[in-house]
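Here's a quick look at charged side-chain pairs. Have the sequence and coordinates open as you read.

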Amino acid sequence: MSDRPYHHGDLRRAILAAALDVIATDGPTGLSLRDLARRAGVSHAAPAHHFRDRTGLLTAIAAEGHGLLATALAQATDLRDAGVRYVRFAREHPAHFQVMFSPELLRADDLELTTARALSAASLTHAIATTAPAGDDTDARLARIAVWSLAHGFATLLLGHNLDGLLGDEDPEEVLRALPMVLFPSA
């Protein structure tokens, strides 16, 4: 046993940051608490103090991601901007994005996760509600599904480099802004 007192600073944040790096390069399957502890220079049991296990760590990452997404969407000026902010979030936080939408990796009943998911959903719903013209009877639920599907699908294809040849040098955000006009020219 060492005579030095244990002090790491913010071990939770250090483990989350290391995990995000691993996920960005190797995906969530490459994640090991033992490896993360080694990277942080702490005992192999230290991460379990904060996350209990790998699922707990991934759940914390997903909750953090939903919180970041909620903040990004809350700043949207209109529905199109909400879609762009969604894609921008995915591009800026690809590891979060990958984990957030992989329910098989997460504790679905985790309070932090369910709260953060509710916040991101509420931010998207708010963007839809504030954009709909007064007196419009459009089903808000269907509008949310449509916007989320378009933005999420675009972000997923973009992160997987499936749009590289189609986009060329075009700014993905500008392409996304134009999609509704292509899909619904009379709108």
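## Salt bridges in the predicted model

In this predicted model, the side chains of Asp53 and Arg107 pair up in a salt bridge, at 2.6 Å from N to O. That term stands for a side-chain nitrogen of Lys or Arg within 4 Å of a carboxyl oxygen of Asp or Glu. The pair ties together distant parts of the chain, 54 residues apart: Asp53 sits in the loop between α3 (46-51) and α4 (54-74), and Arg107 in the loop between α6 (94-100) and α7. Helices here are DSSP runs (H or I, at least four residues), numbered from the N terminus.

A search of the whole structure turns up nine salt bridges. Here are some of them:

| Pair | N to O distance |
|---|---|
| Asp53 and Arg107 | 2.6 Å |
| Arg38 and Asp35 | 2.5 Å |
| Glu112 and Arg12 | 3.9 Å |

Glu112 in helix α7 (residues 111-131) and Arg12 in helix α1 (residues 11-26) also link distant parts of the chain, 100 residues apart. Arg38 and Asp35, by contrast, are three residues apart in helix α2 (residues 33-40), so about one helical turn separates them.

How accessible is Arg38? At 57% relative accessibility, Arg38 is exposed. Glu112 is partly exposed at 42%, as are Arg12 at 28% and Asp53 at 27%. Exposed means over 50% relative accessible area, buried under 20%, and partly exposed in between (1.4 Å probe, protein chains only).

There's also a network of salt bridges linking Asp81, Arg85, Glu174 and Arg177.

Residues are numbered from 1 along each chain as its sequence is written, and side-chain values use heavy atoms, leaving out hydrogens and water. As the model is predicted, local features need pLDDT of at least 70 and side-chain atom pairs count only at pLDDT 80 or more, while totals for chains, interfaces and linings use all residues.

Notes. Helices (H or I, at least four residues) and strands (E, at least two) are DSSP runs, numbered from the N terminus.
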